[in-house]
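Here are my notes on the model, point by point. Please read them with the structure open.

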Amino acid sequence: MGARAQYVVIEDGAWQRYYSHWAANRVVDDLLPGPAAATRCFRANREIDAWLDDVWCEGAALVDHDRRILLWFAFADSWADHLAARMVLARTWPGWDVRFAHDGMGDLTHHLGLGRELTRAPGWFETFEPSWYSDTEDAEPWSVVSLRLPDGSVGAWGSRRETVEHVADGPGLIDLLVDAPATPLLTDMPYGGVHFEPQTRTVSLWAVQTVAGIHNWPLPGWENWTLDFRGDDHTHQAHVLAAHFPFPQVPLASALRRLSDGLGTPPPDNGALLARAAAAPGPDGTVPVVNPAALVPHEPTDPTPAELTELRTTLDALLARAAVD
């Protein structure tokens with residue numbers, strides 16, 4: 001239990017790792033005030049000499065002061081929340097190369113020259129037998145799959161599966177899509193999408209969440225196919241789909257307002273809750289066991305008044321712009 005986060009700070013040629021048991025859902029909040037505030041916050045956590053893997057690490061950040069590069073990943077509640085965070089970080093980290101780490105821990109270890117497989121067991125990427133189910137009532141799917149059909153037209157379908165799962169199905173998925181029933185037009189933006197061009201043997205993919213393994217192309221089954229990875233940019237697939245399966249225009253004002261409203265809100269003390277639970281007797285005489293790290297709350301160092309003022313000014317400006325757009 002927990003929302004584990006790992007941080008790496010690089011400065012003057014040296015790097016250290018830090019850990020929080022509860023901070024994965026606060027990675028963005030801790031990054032928003034800028035490099036100095038984020039670095040103080042991460043260094044206030046427990047320094048460790050181990051790596052989390054893609055399963056246990058739900059959020060992470062690497063702050064490279066020497067090269068002025070920020071790598072980060074964390075789950076966003078929606079496409080709009082991800083884009084809003086990107087917009088703010090682009091302004092509060094001026095002069096930095098701010099990148100979403102689509103390959104999760106692989107991007108962090110690769111940046112350190114340790115390769116992408118350091119935290120991954122051999123054969124870790126799981127493949128599936130191709131499968132498809134058209135949900136004819138779901139207008140808010142997790143991802144969108146599209147395919148250039150033999151007659152040159154493009155079919156598109158919403159799916160409850162993550163984008164990378166469609167790639168894990170292998171090219172056999174394409175045969176199942178050709179005659180798949182239509183799904184409803186979108187009412188909200190998905191978390192990602194994948195487009196197949198069988199004639200040119202090209203897979204185009206985008207996502208606003210991690211797609212672990214994507215830089216290990218070709219993934220199993222996709223030999224002799226080219227990957228066109230678009231990061232979190234959906235516009236290529238939107239152009240391919242055009243008017244017959246449009247992506248909705250989702251305003252970012254609400255997502256920006258959520259970031260603004262969250263400023264200064266302390267994280268919940270989940271450790272205290274777990275301590276009380278551990279003290280209670282278990283069923284049938286069992287003894288509750290709690291990871292000691294879970295009893296340590298995430299206590300980020302607060303931004304300075306000047307950093308907080310600058311962040312509020314940035315958010316106010318973006319909100320004003322969003323209101324006009």
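1. Is Leu 118 buried, partly exposed or exposed? Leu 118 is partly exposed, at a relative accessible area of 44%. The classes are buried (under 20% relative accessible area), exposed (over 50%) and partly exposed (in between), with a 1.4 Å probe and protein chains only. Leu 118 sits in the loop between α4 (105-111) and β7 (143-148). Helices (H or I, at least four residues) and strands (E, at least two) are DSSP runs, numbered from the N terminus.

2. A word on the basis of all this. The model is predicted: local features need pLDDT of at least 70, side-chain atom pairs count only at pLDDT 80 or more, and totals for chains, interfaces and linings use all residues. Residues are numbered from 1 along each chain as its sequence is written, and side-chain values use heavy atoms, with hydrogens and water left out.

3. Overall makeup. The protein has ten helices and eleven strands. Of its 325 residues, 50% count as buried. Among contacts (heavy atoms within 4.5 Å) between residues at least 6 apart in sequence, 71% join residues at least 24 apart.

4. Helix α2. This helix spans residues 35-43. Its buried residues are Pro 35, Ala 37, Ala 38, Thr 39, Cys 41 and Phe 42. Their cover includes the strands β1 (5-11), β2 (14-20) and β4 (59-64). It also includes the helices α1 (27-31), α3 (79-92) and α10 (305-324).

5. A link from α2 to α10. Arg 40 and Glu 307 meet in a salt bridge, at 2.7 Å from N to O. The pair ties together distant parts of the chain: Arg 40 is in α2, Glu 307 is in α10, and they are 267 residues apart. Arg 40 counts as partly exposed, at 32% relative accessibility. Glu 307 is buried, at 15%.

6. Other salt bridges. The term means a side-chain nitrogen of Lys or Arg within 4 Å of a carboxyl oxygen of Asp or Glu. By this rule there are 14. Arg 161 pairs with Asp 169, their closest N and O atoms being 2.6 Å apart. Arg 161 is buried at 19% relative accessible area, and Asp 169 is buried at 4%. Asp 228 and Arg 230 pair at 3.0 Å, N to O. Asp 228 is partly exposed at 22%, as is Arg 230 at 33%. A network of salt bridges links Asp 54, Asp 103, Asp 107, Arg 116 and Arg 120.

7. How do α3 and α8 pack? They pack at an angle of about 65 degrees, with axes 8 Å apart; α8 covers residues 253-261. Ala 80, Asp 81, Ala 84, Ala 85 and Val 88 of α3 make the contact, with Ala 255, Leu 256, Arg 258 and Leu 259 of α8. Axes are lines fitted to C-alpha atoms, for helices over the stretch in contact, and angles run from 0 to 180 degrees between N-to-C directions.

8. Ala 76 lies between β5 (69-74) and α3. It is buried, at 12% relative accessible area. Leaving aside neighbours within four places in sequence, Ala 76 contacts Asp 81, His 82 and Tyr 191. Ala 76 and Tyr 191 are 115 residues apart in sequence and 9.0 Å apart in space, C-alpha to C-alpha.

9. Two exposed loop residues. Tyr 133 is in the loop between α4 and β7, and is exposed at 64% relative accessible area. Its C-alpha atom is 9.9 Å from that of Arg 161, 28 residues apart along the chain. Arg 67 is in the loop between β4 and β5, and is exposed at 51%. Arg 67 and Asp 97 are 30 residues apart in sequence and 8.6 Å apart in space, C-alpha to C-alpha.
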